[in-house]
Amino acid sequence: MIRVVVDAMGGDEPPEVVLEGIARALEADADLEVIVAGNEEVVVPFCAKHARAEALVTTECIEMGEHPTQAVRRKKDSSIVRGCRAVRAGEADAFFSAGSTGAILAAGTLVVGRIKGVSRAALACAMPGVDGHMTTFLDMGANADCTTDMIVQFARMGQAYSQVVLGVENPTVGLLNNGTEETKGSESVLERHKALAEAAGVNFAGNCEGRDILTGSLDVIVTDGYTGNVAVKTVEGTAKFIVSALKAEAAMSKRVAVGALMVKPALKGVAKLLSGDAYGGAALLGLKAPVLVGHGATNPEAIMNGTLTAARCVREDLCAKLAQAMSASQA
């Protein structure tokens, strides 16, 4: 049995949304046990109705607007901190929450701990591409400032994630830049390019541009957390703009309205891909155990898939493979 802690109090939606997602995950995976962390009135009744669900009663909740590190240190009995403690104590194999990304990163780092040799954990997600190809993109925002060594570590961790979660045999790695030429970019990007090209075990394919994030031409794309967060938010904003623009045009023209109605199923499919619900959110790579972060504005499907992805990371020994990659790089 794989045991995953799921934070019932995390996210912008009511706990009932999380609980429904947990129920779906339990139905989908007969070898899964879920430890449900949260307020007594939320988790105890739910766990009483599900044989493979166990209640982890907590009395505090970290809100989205709180300072992450301070909240983690102050709210010792929060669902995020207690969930990560259960993983560290060996009572669970992985942790998943749609709560505050900063708090999950802080708790993951302080409580679960980093793999030996990893400077910083990085947020990674699977971005959709052409013909169903998925690209692992990191860092999405965990580290605004990154050294060259950190970028190389992100590349190695991204490759391991691509292999384990996405099933890519020998992932290619691209460095996000303002051009594909190896002589282009800032001084820091030029330094990163040189280091990636010389790094043992990194299948480096050179620089790439923002448009390559969704083309599926690469298996892994690395950048610092500041640039990565801007890029991901731009993709999300573009998707919302297209949907809004189509609705506005459809409201002004009957012909456009008919056309929009015809392509509506396809648009829903594209929106679903861009939402990240298929994998439940992002993974914090570089920790000693799988820790996954879901979208705040989540839904039952995303909770289910995030829980199942956490279990898959455990079964496939993702963290052990990350540790192996880090160890090999230091040999």
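Reply: Val-112 is buried, with a relative accessible area of 7%, where buried stands for under 20% relative accessible area, exposed for over 50%, and partly exposed for what lies in between, with a 1.4 Å probe and protein chains only. This is a predicted model, in which local features need pLDDT of at least 70 and side-chain atom pairs count only at pLDDT 80 or more, while totals for chains, interfaces and linings use all residues. Residues are numbered from 1 along each chain as its sequence is written, and side-chain values use heavy atoms, with hydrogens and water left out.

Val-112 belongs to helix H5, residues 101-112; helices (H or I, at least four residues) and strands (E, at least two) are DSSP runs, numbered from the N terminus. In sequence, Val-112 and Cys-84 are 28 residues apart, and in space their C-alpha atoms are 6.0 Å apart. Another buried valine is Val-43, at a relative accessible area of 0%, and its place is in helix H2, residues 40-48. Between the C-alpha atoms of Val-43 and Asp-7 there are 9.8 Å, although these residues are 36 apart along the chain.

The cysteines can be taken next. A disulfide is a covalent bond between the sulfur atoms of two cysteines, and here the term is applied to a pair of cysteine sulfur atoms within 2.5 Å; by this rule the count is zero. For Cys-47, the closest cysteine sulfur is in Cys-61, and it lies 17 Å away, which is too far for a bond. Cys-47 is itself buried, with a relative accessible area of 10%. Cys-125 is likewise in no disulfide, since the nearest cysteine sulfur, that of Cys-313, is 13 Å away, and Cys-125 is buried at 7% relative accessible area.

Side chains of opposite charge can pair when their charged atoms come close. A search of the whole structure finds 10 salt bridges, each being a side-chain nitrogen of Lys or Arg within 4 Å of a carboxyl oxygen of Asp or Glu. One of them joins Asp-29 and Arg-315, with 2.8 Å from N to O. This pair links distant parts of the chain, 286 residues apart: Asp-29 sits in the loop between helix H1 (15-28) and strand S2 (32-38), and Arg-315 in helix H10 (residues 300-315). Asp-29 counts as buried at 11% relative accessibility, whereas Arg-315, at 40%, counts as partly exposed.

A further salt bridge connects Arg-192 with Asp-224, at 3.2 Å from N to O. Arg-192 lies in helix H7 (residues 187-198) and Asp-224 in the loop between strand S9 (220-222) and helix H8 (225-252), so this pair ties together parts 32 residues apart in sequence. Arg-192 is buried at 8% relative accessibility, and Asp-224 is buried at 10%. Glu-66 and Lys-75 also form a salt bridge, with their closest N and O atoms 2.7 Å apart, and both of these residues are buried. Arg-3, Glu-33 and Glu-54, in turn, are linked in a network of salt bridges.

At the surface, Phe-241, Ile-242 and Leu-246 form a nonpolar patch, with about 280 Å² of accessible area together. Patches are made of residues with over 30% relative accessible area and no salt bridge, like charges being joined within 9 Å and nonpolar side chains (Val, Leu, Ile, Met, Phe, Trp, Tyr) within 5 Å; the areas come from the Shrake-Rupley method with a 1.4 Å probe, and for residues only the protein chains shown count as cover. Leu-246, placed in helix H8, is partly exposed at 33% relative accessible area.

Leu-138 and Asp-139 are joined by a cis peptide bond, with omega of about 5°, and Asp-139 is found in the loop between strand S6 (134-138) and helix H6 (148-166). Asp-317 is not a glycine, yet it has a positive phi of about 55°; its place is in the loop between H10 and helix H11 (318-330), and it counts as partly exposed at 45% relative accessibility.
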